[in-house]
Amino acid sequence: MSARDSILARLRDRQGSALVAPESDFAVVTGRGWSREERAERFTRWITSVHGEVVRCNTADWTDALAGVLAEKHIRRLALGRQHPVALAARDALASHQVELIDADRDIEAWQEELFQHVDAGLTSTRGGIAETGSLWLWPDADEPRLLSLVPPLHIAVLDVDAIEDTLFDVITHQGWASGMPTNALLISGPSKTADIEQTLAYGVHGPRELVVILRDG
């Protein structure tokens with residue numbers, strides 16, 4: 001038996017059945033026609049299925065939900081931007097809380113050790129979500145660098161229900177990605193995870209161990 005046959009045999013034994021390739025007509029995935037609430041429910045179901053957490057709240061009260069997450073997770077040092085409305089609102093709301101706010105809009109050399117050794121969580125805004133896969137999409141910039149969602153053990157992302165699209169194709173077309181996009185666009189579908197050939201998942205190996213999405217519903 002070849003190495004390939006041996007590997008496939010082990011996978012078949014683990015799954016209890018022969019491997020069957022999914023059928024596809026290779027058509028562009030679009031036109032799902034889901035309602036606003038269906039998109040929110042699908043997004044929530046898929047991202048929580050891979051250990052993501054969703055806290056749904058009213059748009060007017062989202063900073064209370066944020067404070068609750070920080071208290072529940074025992075977060076003492078939170079990294080965030082200084083210009084985005086999400087960061088500005090969070091800074092105002094957390095001014096009286098026992099949470100140290102760490103500026104993220106700095107050259108990495110100025111706070112590399114602090115980021116990797118002492119920051120408990122990173123807070124970012126999002127551009128939107130994808131219902132079909134339970135994914136967030138972000139366009140990092142100098143105010144909210146990619147490291148905010150990549151390095152701290154906990155990533156807290158703020159998403160609006162109305163910004164959830166059916167599919168990735170819908171995002172690309174409706175948001176006009178073809179006419180201009182950053183050099184670094186992120187798709188996030190849960191906390192950091194990896195798997196070996198036996199499909200054993202491990203979380204937090206290459207990035208945050210936890211992802212919390214604050215889903216704002218206006």
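A crossover is right-handed if, with the strands pointing away from the viewer, the path from the first strand over the helix to the second runs clockwise. I kept that rule at hand for the first entry below.

**Set-up.** I am working on a predicted model, where local features need pLDDT of at least 70 and side-chain atom pairs count only at pLDDT 80 or more, while totals for chains, interfaces and linings use all residues. Residues are numbered from 1 along each chain as its sequence is written, and side-chain values use heavy atoms, with hydrogens and water left out.

**Entry 1: the crossover.** I looked up S2, helix H4 (residues 85-93) and S3. They make a right-handed β-α-β unit. Helices (H or I, at least four residues) and strands (E, at least two) are DSSP runs, numbered from the N terminus. I then checked the loop between H4 and S3 and found Gln-98 there. Gln-98 counts as exposed because its relative accessibility is 68%. My cut-offs are under 20% relative accessible area for buried, over 50% for exposed, and partly exposed in between (1.4 Å probe, protein chains only). I also took a C-alpha distance: Gln-98 and Ile-47 are separated by 30 Å, at 51 residues apart along the chain.

**Entry 2: the parallel sheet.** Which order do the six strands take? I read S1-S12-S7-S4-S2-S3, an open sheet with parallel pairing. Strand S1 (52-58) and S3 are the edge strands, each pairing on one side only. Two strands pair if DSSP finds at least two bridges between them. On average, neighbouring strands of this sheet are turned by 25° against each other, direction ignored. For such angles, axes are lines fitted to C-alpha atoms (for helices over the stretch in contact), and values run from 0 to 180 degrees between N-to-C directions.

**Entry 3: strand S2.** I went along S2 (residues 77-80) side chain by side chain. Arg-77 and Ala-79 point one way, Leu-78 and Leu-80 the other, and all are buried. Four bridges join S2 to S3 (residues 100-103), and the two run parallel. In that pairing Leu-78 stands opposite Leu-101, and Ala-79 has Ile-102 as its bridge partner. S2 also pairs with strand S4 (residues 121-125), again in the parallel sense, over two bridges. There Leu-78 has Ala-121 as its bridge partner.

**Entry 4: the mixed sheet.** Next I traced an open sheet of four strands, ordered S8-S5-S6-S9, with mixed pairing. Strand S8 (164-165) and S9 stand at the edges with a single partner strand each, so one side of each has no neighbour in the sheet.

**Entry 5: strand S6.** Are the faces of S6 (residues 135-138) covered or open? Both are covered: Ser-135 and Trp-137 on one side, Leu-136 and Leu-138 on the other, are all buried. S5 (residues 128-130) runs antiparallel to S6, with three bridges. Gly-128 stands opposite Trp-137, and Gly-129 opposite Leu-136. The hairpin of S5 and S6 has four residues between the strands, and I noted a positive phi near 65° at Gly-134. Three bridges join S6 to S9, antiparallel too. Trp-137 stands opposite Leu-187 there.

**Entry 6: Leu-187.** I followed Leu-187, in S9 (residues 186-188). Leu-187 counts as partly exposed because its relative accessibility is 47%. With Leu-168 and Ile-172, Leu-187 forms a nonpolar surface patch, with about 220 Å² of accessible area together.

Technical notes:
Patches are made of residues with over 30% relative accessible area and no salt bridge: like charges are joined within 9 Å, nonpolar side chains (Val, Leu, Ile, Met, Phe, Trp, Tyr) within 5 Å. Accessible areas come from the Shrake-Rupley method with a 1.4 Å probe; for residues, only the protein chains shown count as cover. A salt bridge is a side-chain nitrogen of Lys or Arg within 4 Å of a carboxyl oxygen of Asp or Glu.
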